[in-house]
Each structure stands twice: as C-alpha cells, then as structure tokens.
Amino acid sequence: MLKRAWSLFFFLTVLMAAGQEISNYHPISALNMPGEKLSRLLALRQFNRGNSTFYWVVNTSTLETSVISPQEIKFTPCSFDSACALLRETAYVKALKDALANSMKLQDAGITHSIPSERGIVLTIDLCPSSKKLDRELFTRTISILGKKESPVPLAISVSGSWMKEHPDDLTWILELVRNKKIHVDWINHSFTHPTSKTLPLDRNFLLEKGTSIREEVLKNEALMLECGILPSVFFRFPGLVSDQTIFDEICSFGLIPVGSDAWLAKNQEPNKGSIVLIHGNGNEPLGIEKFFQLISEEKIAIKNNNWLLYDLRESIQEKEEYKQ
C-alpha cells in the first residue's frame with residue numbers, strides 16, 4: 001500500500017501540473033465487493049478531474065486512503081450507517097466509535113491519545129491561517145535529529161485551505177520533503193477557512209461561529225488538498241480544537257474521524273507515552289516548537305537507543321484498535 005501511496009502522490013502532482021481542477025466533488029457511500037485478497041474499501045467521495053471520474057476511499061482495516069477510478073474496483077452504493085454496521089469490527093469503525101465516545105467536550109473532543117508499542121509520541125503540526133512564513137527549521141531540525149533513526153520521519157500535518165492558498169511556496173517545499181522521502185505525512189483536514197475570532201467566546205467561535213457551513217469547510221478543503229497534490233487522510237482536526245455535539249456528529253457523517261490532542265505543548269500540557277502532541281508550524285506559536293525540541297533533548301539517550309520515537313498517526317490509531325481486541 002505504501003508503494004501505491006507514492007504512485008498516487010506522483011499521479012496527483014502530474015494532474016496538478018496539468019492545471020486540471022476538481023469538479024463535482026461530493027460525498028458518497030459505497031462498498032467494494034469482498035475478495036480473498038481485497039480489503040473492504042469504503043468510498044466516501046466522488047469527483048471529476050478533466051473527463052475522468054474518481055473515488056476517494058478508505059481501507060477500513062488499515063485506515064489508509066487512496067484515490068481510485070471506478071473502473072479499477074466495483075463499488076455498490078449503501079448508506080453510511082449500513083456500511084458502519086456491516087464493518088463494525090474494522091479498525092475504521094472502531095476508531096469512529098472511540099472518537100464519538102469523547103464527543104461532548106467543548107474543546108479537545110475526539111481521539112486524543114494513541115498506543116504505540118514503544119515509548120514515543122505522535123507529532124501533529126497545525127497549519128492554521130497565518131501571515132507568517134512556515135517554520136522550516138521545525139522540519140529540517142526534526143529530520144536532522146530523528147532522520148537517522150526513522151526514515152522517512154512520520155508526521156501528521158493539519159492543513160487549512162487558507163494556509164495552502166496563502167503559502168504555495170511553503171507547501172511546495174513540504175511536498176519536496178515528502179517526495180525525497182525525508183518525511184512521511186498523514187494530511188489532516190483542518191477546515192477550509194479556519195474561522196476564528198478574538199472576541200467571541202469558545203461556544204460561538206471557530207466552526208461554531210454563526211453562519212459557518214461545515215459541508216463547505218470539509219469538502220472545499222479536501223478538494224483543494226487534492227488539487228495541490230495532497231492525499232487527505234480520514235482524519236479531521238477542529239480549528240481551536242473547538243466543537244459541539246452537533247458539528248462533531250456532522251463531521252463523522254462525512255466519514256471523518258476527529259483527532260484532538262492531549263498535549264498542546266504551548267499550553268503547557270505535558271506529553272506522555274502515546275500522546276498526540278500538538279504544535280503549530282505556521283510561525284504563530286514558537287513556544288510550542290521550543291518545548292518540542294526541549295522534549296527531544298530530554299529523550300536523546302532513549303532516541304539513541306531506539307526507545308523513544310515519533311509514531312505515525314494512522315498506524316498508531318490502527319494499533320490502538322487492534323490492541324483493544
């Protein structure tokens with residue numbers, strides 16, 4: 001599947017270079033027919049690019065996503081609820097249920113912790129809208145320190161549409177790191193506009209701001225990600241980590257798994273084994289980056305002995321579901 005993911009990356013890059021915009025991007029729910037060597041795939045989106053139709057699908061066993069043509073694999077339409085009932089023993093549906101079990105918090109709802117097999121953390125880097133340039137040193141320094149032990153270095157990046165539109169050169173730079181196999185990225189949908197207000201209270205802020213269309217925030221960002229050569233993961237991070245039950249359920253209805261954090265470093269939240277750590281790479285929160293490298297320094301002996309590493313978000317959540325069986 002990893003080989004297929006790299007092929008998909010180049011496939012998307014070629015289409016982007018050709019200037020073909022995505023159109024008719026919309027949610028669907030369809031399952032492939034089970035086979036001896038074929039995992040159960042759930043198609044969640046359909047779209048057109050040029051004269052061709054594509055599906056964005058999730059492997060319900062591994063949580064990996066891919067873009068495929070309907071000519072490759074036959075899918076049968078079914079309701080999302082029916083698909084989840086049928087696939088209730090898969091890692092995907094179990095992760096959705098785990099997220100829903102922590103859905104009532106105003107801040108930091110969803111999955112906030114993973115269970116890696118060794119000591120370490122999952123590092124998530126948020127790219128919210130910002131007038132500042134990408135903190136490239138965060139990436140180069142992390143690669144310099146951990147690249148000797150992990151190649152590519154696993155990261156999860158929560159990217160907003162506004163950031164992608166305002167920072168195309170920085171995005172291209174990150175994609176070069178991916179192409180050169182310096183980093184492996186799980187790309188998290190962080191909404192299209194990432195609305196925020198300095199004056200509104202949390203319960204009316206971010207995606208809870210009056211007039212916000214969750215559908216547009218989700219789908220427009222995914223479409224832009226694909227146009228930019230990014231393969232969206234099945235994960236979603238709420239701007240400000242703020243949500244209520246209504247929009248949480250709506251995000252899940254799009255087939256996305258909300259991911260929070262139990263260690264937002266700039267807020268002095270201490271990470272532990274399996275923490276999903278949050279820092280900002282958009283230049284707005286240097287304290288979080290400082291604390292991340294302080295953590296790396298504290299764990300340098302463990303890193304040297306392969307006893308402390310960064311873990312892939314998708315693989316960690318998949319492992320968490322398997323661990324509970």
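When I say two residues touch or are in contact, I mean heavy atoms within 4.5 Å.

Some housekeeping. What you see is a predicted model, where local features need pLDDT of at least 70 and side-chain atom pairs count only at pLDDT 80 or more, while totals for chains, interfaces and linings use all residues. Residues are numbered from 1 along each chain as its sequence is written, and side-chain values use heavy atoms, with hydrogens and water left out.

OK, domains. Across the boundary, 22 residues of domain 1 are in contact with 23 residues of domain 2.

Now the cores. I use buried for under 20% relative accessible area, exposed for over 50%, and partly exposed in between, with a 1.4 Å probe and protein chains only. A nonpolar core is then a set of buried Ala, Val, Leu, Ile, Met, Phe, Trp, Tyr and Cys residues joined through side-chain atoms within 4.5 Å. The largest one has 52 residues, and the members touching the most others are Tyr92, Phe235, Ile257 and Leu313. Both domain 1 and domain 2 give residues to this core, so it lies between them. Back to tyrosine 92, as promised: leaving out residues up to four places away in sequence, its contacts include Leu42, Leu44, Val58, Phe80, Val234 and Ile257. Apart from that core there is another, of 42 residues, with Phe139, Ile143, Trp163 and Phe293 among them.

On to the sheet. Helices (H or I, at least four residues) and strands (E, at least two) are DSSP runs, numbered from the N terminus, and two strands pair if DSSP finds at least two bridges between them. We have an open sheet of 5 strands, antiparallel, in the order β4-β3-β2-β1-β5. At the edges sit β4 (65-68) and β5 (75-77), each pairing on one side only. The twist averages 40° from one strand to the next; axes here are lines fitted to C-alpha atoms, for helices over the stretch in contact, and angles run from 0 to 180 degrees between N-to-C directions. Helix α7 (residues 214-227) packs on this sheet, touching β1, β2 (41-49), β3 (52-59) and β4, and its direction makes about 100° with that of β1.

What covers the faces of β4? Thr65 and Val67 are buried on one side, and Ser66 and Ile68 on the other. β4 runs antiparallel to β3, joined by 4 bridges, with tryptophan 56 opposite valine 67. Their hairpin has 5 residues between the strands, and there leucine 63 takes a positive phi near 70°.

Last, cysteines. How many disulfides does the structure hold? It holds 0, counting a disulfide as a pair of cysteine sulfur atoms within 2.5 Å. For cysteine 84, the closest cysteine sulfur is in cysteine 78, at 8.9 Å, too far for a bond. Cysteine 84 is buried, at 15% relative accessible area. Cysteine 128 is in no disulfide either, the nearest cysteine sulfur being that of cysteine 228, 17 Å away; cysteine 128 is also buried, at 10%.

Definitions and conventions: Domain bounds come from an automatic or database domain assignment.
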